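Here is a short briefing to read alongside the structure.

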Amino acid sequence: MLWVGTLVAQSGAMVAPFLTYYLVNDRGMAIGMAGLILTIQGSGGIVSHLIGGFLTDHLGPRATFFGGMITNGLTLFLLGSSRNLTAVVVFSFLTGAASQIYKPASAVFVKETASPSDRPRAYGLLYWAVNLGYAVSMSAGGVLANLGYHLLFLINSVASILCGVLVWVMSRRFNAHQPRRVKSPNLRTALKDRLALHYILSWLPFGIVFGQATTTLPMAMERSGLAVNSYGIVITANALVIIAVQPLLGPIFARYDHSRILILGMVVLGIGFGSNVFATSLVSYTGSVVIWTLGEIAVTSVNQSIIASLSPRGIDGTYFGLYGVVWSGTFALAPLLGSRLLSIGPNYLWVACLLLCLGAAAGQRVLAPAIRSRAAALN
């Protein structure tokens with residue numbers, strides 16, 4: 001159910017990759033103004049995770065997923081129809097605020113319908129659907145943009161609404177939409193959970209490293225004398241490896257301790273980014289991407305399963321929402337810190353990436369015994 005819905009929504013998610021082009025080329029905005037609007041939209045995305053977590057705990061994942069997708073579709077349509085700057089700013093924020101509401105609901109859906117041993121495979125398959133849909137939306141969006149940017153808004157809006165309707169209809173036989181068994185779920189309760197908070201915050205260094213893939217990596221490649229289109233070729237390897245390998249590795253990762261797989265993935269991802277120290281050609285940069293993509297697959301296969309094992313039923317949506325806030329925050333810090341190190345020298349950046357991932361893995365090693373204990377108690 002979720003896999004089909006996610007694939008539909010992501011295959012139609014054509015606005016985000018081309019929003020800058022739309023604002024500059026179609027609306028005639030200056031690059032600085034377009035960047036400001038993207039920042040406003042991003043701030044809405046951070047709030048969106050908290051909204052989704054709150055609604056999931058109070059209304060249940062089924063209603064939250066449906067409402068989030070419908071709202072996202074409507075705000076996208078209104079953003080594409082806006083004709084003045086004020087409306088563009090308002091609906092950019094509202095689009096961001098609606099864009100991630102479904103994520104905590106989706107995560108809780110999996111937690112409530114899959115056994116602990118099956119969760120890594122389930123979450124991994126959803127991540128696979130995201131990347132499969134991304135490949136479709138990027139390739140199709142580039143072609144359709146030539147016919148008019150408004151067509152991208154329409155397709156994205158319809159895909160989001162269709163996803164919400166599909167999941168709503170297909171989830172009727174599940175019990176996940178039953179009232180939540182908690183009196184008053186709130187953010188303060190989750191923030192008092194030291195183990196969960198430490199685990200979620202431990203994602204900051206890892207996320208900062210992962211964010212370099214879309215921020216400093218293309219700049220570093222340009223410094224190596226590679227053509228601009230080389231980055232598109234290199235980053236395509238990331239999606240291809242995930243599409244080819246994720247379904248094969250998911251069942252294997254599910255057999256092992258989740259914390260150990262997470263630590264392994266963080267180390268491998270760090271080695272992949274660190275190997276850019278030796279990268280000078282298209283082949284060598286592609287090789288580093290393949291390495292850190294394998295680490296990405298390991299990490300994304302188990303990280304949500306660990307959050308599920310840490311969160312008590314009824315407030316688990318808030319836990320997933322907090323994780324989403326931290327993860328989104330890392331993408332704001334990634335270009336700020338990465339570009340500073342890159343300006344000093346690329347080797348400083350890539351060595352720092354390796355050290356940050358090793359530090360994150362060491363932190364997970366410290367948390368692992370407590371995580372296992374909590375998982376045994378709750379599951």
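## Briefing

I31 counts as exposed, because its relative accessibility is 68% and the exposed class begins over 50%. This residue is found in helix 3, which runs over residues 31-59. Please keep in mind that the model is predicted.

**Overall shape**

- The protein has 17 helices and zero strands.
- Its radius of gyration is 20 Å, which agrees with the value near 21 Å that a compact globule of 379 residues would have.
- Along the principal axes, the C-alpha trace spans about 55 × 50 × 35 Å.
- Of the 379 residues, 49% count as buried.

**Aromatic rings**

- The count of aromatic pairs comes to 16.
- Y323 and W327 are stacked, because their ring centres are 6.4 Å apart and their planes lie at 15 degrees, with the limits set at within 6.5 Å for the centres and under 30 degrees for the planes.
- Both Y323 and W327 lie in helix 16 (residues 316-344), where they are four residues apart, about one turn of the helix.
- Y323 is buried, as its relative accessible area is 11% and the buried class covers values under 20%.
- One aromatic cluster is formed by Y199, W203, F206, F210, F273, W292, Y323, W327 and W350, so if you are looking at the stacked pair of Y323 and W327, you are already looking at part of this cluster.
- Elsewhere, R62 has its charged end over the ring of W168, at 3.7 Å from the ring centre.

**The second largest pocket**

- This pocket has a volume of about 260 Å³.
- Its lining is made up of 13 residues, and the closest to the pocket centre are M1, L2, V110, T113 and F174.
- Three helices each supply at least two residues of the lining: helix 1 (2-11), helix 6 (102-113) and helix 7 (119-144).
- Sorted by class, the lining holds eleven nonpolar residues, one polar residue and one charged residue.

- G164 has its place in helix 8 (residues 149-170).
- With a relative accessible area of 0%, G164 is buried.
- G164 and T6 are 158 residues apart in sequence, while their C-alpha atoms are 9.4 Å apart in space.
- T56 is found in helix 3.
- T56 is buried, and its relative accessible area is 0%.
- From T56 to G329 the separation is 273 residues along the chain and 21 Å between C-alpha atoms.

**An exposed and a partly exposed residue**

- S281 sits in the loop between helix 14 (258-274) and helix 15 (282-310).
- The relative accessible area of S281 is 31%, so this residue is partly exposed, a class that falls between the 20% and 50% limits.
- S281 and F77 are 204 residues apart along the chain, and 42 Å separates their C-alpha atoms.

Technical notes:
Residues are numbered from 1 along each chain as its sequence is written. This is a predicted model: local features need pLDDT of at least 70, side-chain atom pairs count only at pLDDT 80 or more; totals for chains, interfaces and linings use all residues. Side-chain values use heavy atoms; hydrogens and water are left out. Rings of Phe, Tyr and Trp (its six-membered ring) pair if their centres lie within 6.5 Å; planes under 30 degrees apart count as stacked, over 60 as edge-to-face and the rest as tilted. Buried means under 20% relative accessible area, exposed over 50%, partly exposed in between (1.4 Å probe, protein chains only). A charge sits over a ring if NZ of Lys or CZ of Arg is within 6 Å of the ring centre and within 35 degrees of the ring normal. On a 1 Å grid over the protein atoms alone, a cavity is a set of points where a 1.4 Å probe fits but cannot get out, and a pocket is an open set with protein on both sides within 12 Å along at least five of seven lines; lining residues have an atom within 4 Å of a point. Grid points are joined across faces, edges and corners, and a volume is the space filled by probe spheres set on the points. Ala, Val, Leu, Ile, Met, Phe, Trp, Tyr, Cys and Pro count as nonpolar, Asp, Glu, Lys and Arg as charged, and the others, Gly among them, as polar. The radius of gyration is taken over C-alpha atoms; the globule rule is 2.2 Å times the number of residues to the power 0.38.
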